[in-house]
Amino acid sequence: MRLASSLGAVALAILAAAQPALANGRPPGTSTINFRRSHDTDIVLGLTFGLAISHDSGATWHWMCENAVHYTGTGVYDPIYVYSEPGTIFATSFDGAVVNRQGCTFDNSTFGANVFVSTVGQGPADGALFAGLNQPADPSHSDPGDAKIYVSHDDGMTFPISASPGQLNDWWESIKSAPTDASRIYVTGFRLTGSGRTHLLFRSDNGGMTYTAMGTTGLTLTDDTTVSLVGVSPTSADTLYAKLDNIGAPNVLDEGIFKSTNGGTSWTKIIEKTTQLAFLARANGDLVVGTQGMGTSVSHDGGTVWTDVAGAPHINCLSENVAHEVWACTQNYGGGSIPSDNAGVMKSTDLATWTPVLRYQDILGPVECPMGTVQRDTCEDGILAGDLTYWCGVHNQLGVTANPTCCAPVTDGQAVTPGCEQPNTDGGGSGGGGGCCESSASAAGGTTALLASIVVGGVLLSRRRRRD
């Protein structure tokens with residue numbers, strides 16, 4: 001986890017420049033786009049300030065905070081999400097793998113609490129769910145530890161298939177299966193030893209019952225490199241793609257995409273840039289590489305020739321739905337040398353024209369949940385510092401226009417009383433036609449509480465009183 005090095009400097013910079021508040025140690029941003037398998041109208045976005053969910057193809061969005069997904073807001077951790085065909089959302093978290101089956105709560109998976117799962121994945125061919133465990137041994141609790149790769153075929157209710165391609169304390173980084181062959185599974189990870197880092201690459205040809213080592217010929221590997229699988233060809237189980245970071249000079253951000261056409265026996269580098277890469281192997285055979293500041297490129301021949309894409313947004317993740325739309329994590333606000341795209345998610349069918357899908361300002365509100373859930377008690381109603389609540393901090397700092405829970409806005413560090421002439425019309429928060437009214441007493445002391453909340457919640461929070 002990482003805290004701001006100077007509380008006063010961060011607070012003054014945010015208030016003076018009217019910049020969006022830092023969330024999870026970073027500016028607000030989108031990290032992943034996850035479509036529900038076979039139901040692309042349902043989408044989960046991984047955000048640096050929680051998650052956003054839509055059930056209408058991205059027309060409307062609601063928010064859940066990090067606490068609801070069992071990870072805190074003071075570090076740089078991004079959960080790995082899987083959205084299964086039955087509608088279950090799986091996520092990695094600080095409490096092990098967690099599962100959301102009914103919309104409001106993420107509960108412990110079948111592995112139990114505090115059994116750490118470093119990565120999860122879903123089989124595109126048959127919907128199988130994969131989990132890579134990284135559970136150290138704990139003799140004091142008679143826990144032998146676990147580093148197996150598990151497979152479920154009943155939406156994560158049980159994981160009867162497992163295998164140990166590595167050994168205890170190995171870290172599993174990524175799991176992918178072939179769209180054309182449900183029995184073909186690829187896994188990457190690493191092992192830290194006294195002499196450095198051992199890179200782990202395995203494949204299974206029998207659905208995860210056994211694994212054999214893949215080759216590393218052609219890969220540029222260092223002790224700082226992480227190998228992440230980023231795609232398997234939609235037409236060939238033997239063609240897969242891996243992203244490697246830190247492959248150039250020391251202390252230089254340098255990432256490359258490597259391709260194997262023989263099931264991981266050998267590899268060829270197809271593109272490299274001195275920045276972070278987002279990669280997508282499209283259903284039509286095209287390969288797309290996006291960056292935040294060095295443009296976007298497309299290859300129509302498997303990675304031999306790359307063409308720059310004019311007018312593309314500033315991209316840090318890519319995904320494609322069954323309608324063959326390319327969705328991208330883009331820059332809602334921008335910052336530094338990266339300009340704003342005025343959207344946190346955009347989509348395109350031809351890579352030439354991009355349409356905004358989500359502006360953070362257009363989030364309709366928190367996911368509505370009953371009392372007794374973390375989502376309601378902490379994300380929406382939780383008071384973290386003084387008279388501050390989590391949702392209203394996100395609401396005010398992101399400039400959210402909808403106000404279902406009567407958040408009092410903040411102007412120049414002071415909460416001000418909103419007008420009472422605008423009634424709630426979306427059914428959230430208060431009822432009746434009285435609108436969002438706050439007493440002048442409840443609007444006092446905004447600046448002091450705002451500064452204090454940076455440490456407590458990782459974001460600046462503003463006050464809100466619910467009228468029940």
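**View 1. T239, a buried loop residue.** T239 is buried, with a relative accessible area of 12% (buried means under 20% relative accessible area, with a 1.4 Å probe and protein chains only). The loop that holds T239 runs between β17 (227-232) and β18 (240-244); strands are DSSP runs of E with at least two residues, numbered from the N terminus. Leaving aside neighbours within four places in sequence, T239 is in contact (heavy atoms within 4.5 Å) with V232, S233, K259, S260 and T261. A note on what you are looking at: the model is predicted, local features need pLDDT of at least 70, side-chain atom pairs count only at pLDDT 80 or more, and totals for chains, interfaces and linings use all residues. Residues are numbered from 1 along each chain as its sequence is written, and side-chain values use heavy atoms, leaving out hydrogens and water.

**View 2. The largest nonpolar core.** This core has 42 residues, and I33, L45 and W63 touch the most other members. A nonpolar core here is a set of buried Ala, Val, Leu, Ile, Met, Phe, Trp, Tyr and Cys residues joined through side-chain atoms within 4.5 Å. Beyond four places in sequence, the contacts of I33 include L45, C317, W327 and V345. A second, separate core of 15 residues includes A178, V232, A242 and I247.

**View 3. An open four-stranded sheet.** Here 4 strands line up as β25-β26-β27-β28 with antiparallel pairing (strands pair if DSSP finds at least two bridges between them). At the edges stand β25 (317-320) and β28 (355-358), each with a single partner strand, so one side of each lacks a neighbour in the sheet. β25 pairs with β26 (residues 326-329) over 4 bridges, and V326 in β26 is the bridge partner of E320.

Key: Buried means under 20% relative accessible area, exposed over 50%, partly exposed in between (1.4 Å probe, protein chains only).
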